[in-house]
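Hi,

Here is the structure for you to look through. My notes on it follow below.

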Amino acid sequence: MQWYVVAGLLTILTSSQGILTTLSQSNGGYKYDYATIPFLAEVLKLIVSALLLSREIKTSTPPRMTTDWNSVRLYPIPSIIYLIHNNVQFATLTYVDTSTYQILGNLKIVTTGILFRLFLKRKLSNLQWLAIVLLAVGTTTSQVKGCGGASCDSVFSSPIQGYMLGILSACLSALAGVYTEFLMKKNNDSLYWQNVQLYTFGSIFNMGHLLFDDLRGGFEKGPWWERLFNGYSIITWMVVLNLGSTGLLVSWLMKYADNIVKVYSTSMAMLLTMVLSVFLFSFKPTLQLFLGIIVCITSLHMYFAPANMLVDLPLTAKVGPQTVIDVSVDRKSDS
């Protein structure tokens with residue numbers, strides 16, 4: 001399957017995630033325990049990956065599966081990073097408002113590119129770096145509200161702790177993604193075997209989170225396994241299915257594409273969600289939204305288009321009657 005097909009599916013699923021979550025609400029709240037959603041999504045991904053792995057094992061050419069502890073012990077690290085990241089997110093929201101938090105979240109686009117270059121040693125051209133910066137600018141522009149009343153005063157007027165935590169959150173998000181890509185590409189192991197390891201630890205950590213919430217609340221609502229499906233509806237199960245499918249597509253991109261493709265998919269999904277919200281939730285479109293979409297589409301074209309489509313230079317230039325000097329357009333100039 002081509003990477004752009006997977007990226008397109010990821011964009012559609014990610015954009016529908018927020019919409020499904022909103023539709024699963026009842027009277028402005030959730031009848032179910034929202035912490036059970038990530039746990040069930042991890043279990044779903046684990047089951048699907050295990051079934052695909054067992055099918056792969058039965059083929060004439062068994063898949064490669066590294067089972068030594070030195071390799072397996074690396075797979076809990078992404079779950080630990082995401083666990084820290086989730087706590088930092090909650091801490092950030094205690095200092096900044098929602099609008100500022102969303103804008104700070106766009107820093108992960110740039111931090112992903114930086115960590116992508118530093119840790120994975122992947123070279124990006126000057127045009128690609130500019131495209132990444134434009135993507136961050138475009139997504140931020142689409143989220144900025146008009147200056148009415150005190151709306152502008154609330155943006156960028158938070159304590160310094162909020163901005164520092166926002167930057168830390170962006171770095172942790174990028175680090176988790178880059179480290180996951182490193183894991184998926186460090187050897188030729190089966191994708192499904194790698195997924196089984198990732199999602200096993202993911203399920204364990206999410207189970208631990210549910211148990212910790214019970215301990216902190218003194219088991220007032222009973223143990224988590226007794227109320228696991230309380231308040232679930234068809235829409236809630238669609239949220240679980242959506243989140244699980246999204247995770248499987250991301251792991252595929254980490255194995256066969258890279259983090260930058262994932263960043264573009266999720267950023268475009270955010271814009272698509274805002275557009276769909278205009279029709280589904282009476283969201284009022286703004287000039288900033290349209291400008292942000294234009295900037296993001298320009299960024300997408302700059303990053304993935306061949307250089308000769310971006311720079312209108314002749315490939316050959318005649319100097320004399322029988323002399324031709326080749327002028328090459330190098331899109332991969334190091335930065």
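H4 spans residues 76-93 and H10 residues 191-216; they pack at about 40°, with their axes 8 Å apart. Helices here are DSSP runs (H or I, at least four residues), numbered from the N terminus. The contact (heavy atoms within 4.5 Å) uses Pro76, Pro78, Ser79, Ile80 and Leu83 of H4. From H10 come Leu198, Phe201, Gly202 and Phe205.

This is a predicted model: local features need pLDDT of at least 70, side-chain atom pairs count only at pLDDT 80 or more, and totals for chains, interfaces and linings use all residues. Residues are numbered from 1 along each chain as its sequence is written, and side-chain values use heavy atoms, without hydrogens and water.

Now the rings. The structure holds 15 aromatic pairs (ring centres of Phe, Tyr and Trp, its six-membered ring, within 6.5 Å; planes under 30 degrees apart are stacked, over 60 edge-to-face, the rest tilted). Phe229 and Trp237 have centres 5.5 Å apart and planes at 35°, so they are tilted.

Tyr264 lies in H12 and Phe304 in H13, 40 residues apart. Tyr264 is buried at 3% relative accessible area, while Phe304 is partly exposed at 28%. Buried means under 20%, exposed over 50%, partly exposed in between (1.4 Å probe, protein chains only).

Best wishes

Technical notes
Helix = DSSP H or I, 4+ residues; strand = E, 2+ residues; numbered from the N terminus. Axes fitted to C-alpha atoms, helices over the stretch in contact; angles between N-to-C directions.
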